[in-house]
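Please find below a briefing on the chain shown here.

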Amino acid sequence: MGKMRKWFWATVAVGLVPMLLRLILCSLLIERNTLQLFAISDIIVWGLVLNISIFNERGGLFNYKPEISSVSSTISVIFIVIFSLLFIFELINEAHFIFRSTGLLLFGILFAIASLLTCLFYIDGSKPHQERLNINREEVH
């Protein structure tokens, strides 16, 4: 379980880098109104990093039955598409204010939370498999 815990925290930390940099810059700026404290792009990056990592790890750390593995990859791909669409909408919104910024931000937060919960579900679901692997390794030695 140690590898999975490290993977999870490393993934979350890498995804949070844009948000942390934004917070640091906001605290250092003399005129704080020049930079938004929360941006949809930061949340999109976090969601993409998390879901791409889930997709890549489904065969490694997340050793599931084939049907669960296909579900996890499908859900991750759906979330990747959603975050990509949110990014496109945000780019369009920068050029022409068509969408409500708060609406995009709320959708980003909603899907980021859903991604996090999905990831935690995968980690929890892979515990029995990881424990079986550890028991089998101990029996071999």
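A residue is called buried when its relative accessible area is under 20%, exposed when that area is over 50%, and partly exposed in between (1.4 Å probe, protein chains only). The model is predicted, so local features need pLDDT of at least 70 and side-chain atom pairs count only at pLDDT 80 or more, while totals for chains, interfaces and linings use all residues. Residues are numbered from 1 along each chain as its sequence is written, and side-chain values use heavy atoms, with hydrogens and water left out.

**Overall fold**
- The chain holds four helices and zero strands, where helices (H or I, at least four residues) and strands (E, at least two) are DSSP runs numbered from the N terminus.
- Of the 141 residues of the chain, 30% are buried.
- Among the contacts with a separation of 6 or more, 73% join residues 24 or more positions apart; a contact means heavy atoms within 4.5 Å.
- The accessible surface of the chain is about 9200 Å², and 69% of this belongs to carbon and sulfur atoms; areas come from the Shrake-Rupley method with a 1.4 Å probe, and for residues only the protein chains shown count as cover.

**Helix 2**
- Helix 2 has 18 residues and spans 26 Å from its first C-alpha to its last, close to the expected 26 Å at 1.5 Å a residue; the expected span is 1.5 Å times one less than the number of residues.
- Met19 is partly exposed, at 23% relative accessible area, and its C-alpha atom is separated by 9.2 Å from that of Ser41, 22 residues apart along the chain.

**Salt bridge**
- The structure holds one salt bridge, defined as a side-chain nitrogen of Lys or Arg within 4 Å of a carboxyl oxygen of Asp or Glu.
- Arg22 forms a salt bridge with Asp42, with the closest N and O atoms 2.4 Å apart.
- Arg22 lies in helix 1 (residues 2-28) and Asp42 in helix 2 (residues 40-57), so the pair ties together parts that are 20 residues apart in sequence.
- Arg22 counts as buried at 15% relative accessibility, and Asp42 is buried at 6%.

**Nonpolar surface patch**
- Val77, Val81, Leu85, Ile88, Ile92, Ile98 and Phe99 make a nonpolar surface patch of about 550 Å².
- Patches are made of residues with over 30% relative accessible area and no salt bridge; like charges are joined within 9 Å, and nonpolar side chains (Val, Leu, Ile, Met, Phe, Trp, Tyr) within 5 Å.
- Phe99 lies in the loop between helix 3 (66-95) and helix 4 (101-140), and is partly exposed at 31% relative accessible area.
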